[in-house]
Amino acid sequence: MKLKPVTIVGAVAVAALAASVLTLAPAIASDKSAVTADPSTQTLRELSARHGLHLGTAVDLAALSDADDPQYRSLVASQFSTVTAENVMKWDALEPTRGTYNWGPADELVAFAQKNGQRVRGHVLVWHSQIPTWLTQGVEDGTITKDELRDLLKKHITDVVTHFKGKIWQWDVVNEAATDPWDSPSNIHYKGFWAENLGPEYVADSFRWARAADSKALLFYNDYNIEAFGDGGETDKTTFVYNMVKQLRADGVPIDGVGSQGHLGTQYGNYDALQASAALKRFTDLGLATAFTEVDVRSEMTEEVKAGTSSEVNPRLQASAANYSALLQACLSNRHCLSFTVWGFTDKYSWIPNWSEDKEGLANIYDENYQPKRAYNMMRADLAFSGPPSVQPRIAQKPKR
Ligand code: G3I
């Protein structure tokens, strides 16, 4: 039989690969260098680096600069390889008075990240929440017209992206543009200040303006409750977001990724890793990157939980850990899932108790005293035991004589 040259090359390559696998297999088993450090002594940052995955946290700037709390600072630096500003890059923080920027705290975070070899997720350029009063008030009393509002949004995006140009890895360009099924009407639609005043076109415009200001940053759409697909119908938020980003790509809008926030609660029926992985795949099949951007898993704080009753606390810690793990495994399953960010790492500074009036809590991976919780160890185990070098190909067992 006459083989085509390309087939011969292929056959030779396959034979060579088979030979090298055969000769390598025993070598791997006995190679001391493949024996890794004990995962229980390694940080999230070290363990995730094996996968080229960036493990991040949202950072509370007040805590970071609190001289009385050095542990916060040292854990941000040692455990994480990317940081997100929890609040200080939002519009109301950057431009509390029209025309006067307050870059200080955000610059401080960027400098901290640079010093510690960390990447920065920029959060957030366009969101209906935490926008300055001068802007909302101006629109309400008619002193800011719709045309002027569009110009102001363009100026905001341009100024902020230009200020941080070259220092931001991923920008959350547009955040939470879609309603939830419990809103009225229940079919998912565009919501909030920007859609109401500028129409849904503000989404595409924002990505174009961001790209014009920085040609290298990755530009993300970011939202919550999109960890898994639902029934694909009108009340399925993930499907709405999927259709939106697909259309943006089709229209040539420069969007690079979808951020799935990952705010979960143990009192809900959450997702398993396969469901979350399937969702990531649908987004990445569009040519987009993904990231988990704000992961935390809260629990209801009953009186027994507040009193520390272990039979009430333990199931919550366990369930919280399982949810962190499901999202992390999903991210590990997809090579386009670039980063996994927790929304704060310690219960000491969590947004959850404030927001829920103390009805919910225990959402983070360290407790209020910086003791790592079950979720922290489960994440480390996922990172350690999900591929080489800790997990190697199986070694066949020969029947004993
Ligand atoms: O800065 C003021 C302070 O001067 C004042 O004394 C204090 C009194 O309440 O409020 C402070 O502002 C608070 C701000 O956080 C900074 O701490 C706001 O009240 C509070 O509402 C705000 O909450 C933030 C929330 O976004 C706003 O919607 C949370 O810290 C922050 O974690 C949260 O983050 C969002 C993401 O950006 C988007 N996705 C959802 C996520 C959770 O809601």
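**Briefing: salt bridges, strands and ligand shell**

Glutamate 357 and lysine 359 are both exposed. These two residues form a salt bridge, with their closest N and O atoms 3.6 Å apart. The structure is a predicted model. A search of the whole structure finds 14 salt bridges.

**Salt bridges**

- Side chains of opposite charge can pair when their charged atoms come close.
- Aspartate 180 and lysine 237 meet through their side chains in a salt bridge, at 2.9 Å from N to O. This pair links distant parts of the chain, 57 residues apart: aspartate 180 lies in the loop between S4 and helix H9 (192-198), and lysine 237 lies in helix H11 (residues 237-250).
- Aspartate 180 and lysine 237 are both buried, whereas glutamate 357 and lysine 359 are both exposed.
- A network of salt bridges links Asp180, Lys191, Asp223 and Lys237.
- Another salt bridge joins the side chains of aspartate 205 and arginine 150, at 3.0 Å from N to O. Here too the pair links distant parts of the chain, with aspartate 205 in helix H10 (residues 201-213) and arginine 150 in helix H8 (residues 146-163), 55 residues apart.
- Aspartate 205 has a relative accessibility of 17% and therefore counts as buried, because buried means under 20%.
- Arginine 150 has a relative accessibility of 36%, so it counts as partly exposed; this class lies between the 20% limit for buried and the 50% limit for exposed.

- Strand S2 (residues 82-85) runs parallel to S3, and three bridges join the two. Threonine 84 has arginine 121 in S3 as its bridge partner.
- S3 is also joined to strand S4 (residues 170-175), by four bridges and again in parallel. Histidine 123 has aspartate 172 in S4 as its bridge partner.

**Strands S5 and S6**

- Strand S5 (residues 218-223) pairs with S6 in the parallel sense over four bridges.
- Aspartate 223 stands opposite serine 260 in S6. Aspartate 223 also belongs to the salt-bridge network with Asp180, Lys191 and Lys237.
- In a regular strand the side chains alternate between the two faces of the sheet.
- Strand S6 (residues 257-260) is covered on both faces. Gly257 and Gly259 are buried on one side, and Val258 and Ser260 are buried on the other.

**Ligand surroundings**

- Which residues come nearest to the ligand, of the 14 around it? They are Glu86, Lys90, His123, Glu176 and Glu294.
- The shell around the ligand consists of three nonpolar, seven polar and four charged residues.
- Glutamate 86 places a polar side-chain atom 2.4 Å from an oxygen atom of the ligand.
- For histidine 123, an N or O atom of the side chain is 2.7 Å from an oxygen atom of the ligand. Histidine 123 is also the residue bridged to aspartate 172 in S4.
- Tryptophan 343 has a polar side-chain atom 2.9 Å from an oxygen atom of the ligand.
- On its own the ligand has 790 Å² of accessible area, of which the protein covers 45%.

Terms used. Residues are numbered from 1 along each chain as its sequence is written. This is a predicted model: local features need pLDDT of at least 70, side-chain atom pairs count only at pLDDT 80 or more; totals for chains, interfaces and linings use all residues. Side-chain values use heavy atoms; hydrogens and water are left out. Two strands pair if DSSP finds at least two bridges between them. A residue is near a molecule or strand if one of its heavy atoms lies within 4 Å of it. A polar contact is a pair of N or O atoms within 3.5 Å; within protein, one must be able to donate a hydrogen and the other to accept it, and residues adjacent in sequence count only if both atoms are side-chain atoms. Accessible areas come from the Shrake-Rupley method with a 1.4 Å probe; for residues, only the protein chains shown count as cover. Ala, Val, Leu, Ile, Met, Phe, Trp, Tyr, Cys and Pro count as nonpolar, Asp, Glu, Lys and Arg as charged, and the others, Gly among them, as polar. A salt bridge is a side-chain nitrogen of Lys or Arg within 4 Å of a carboxyl oxygen of Asp or Glu. Buried means under 20% relative accessible area, exposed over 50%, partly exposed in between (1.4 Å probe, protein chains only).
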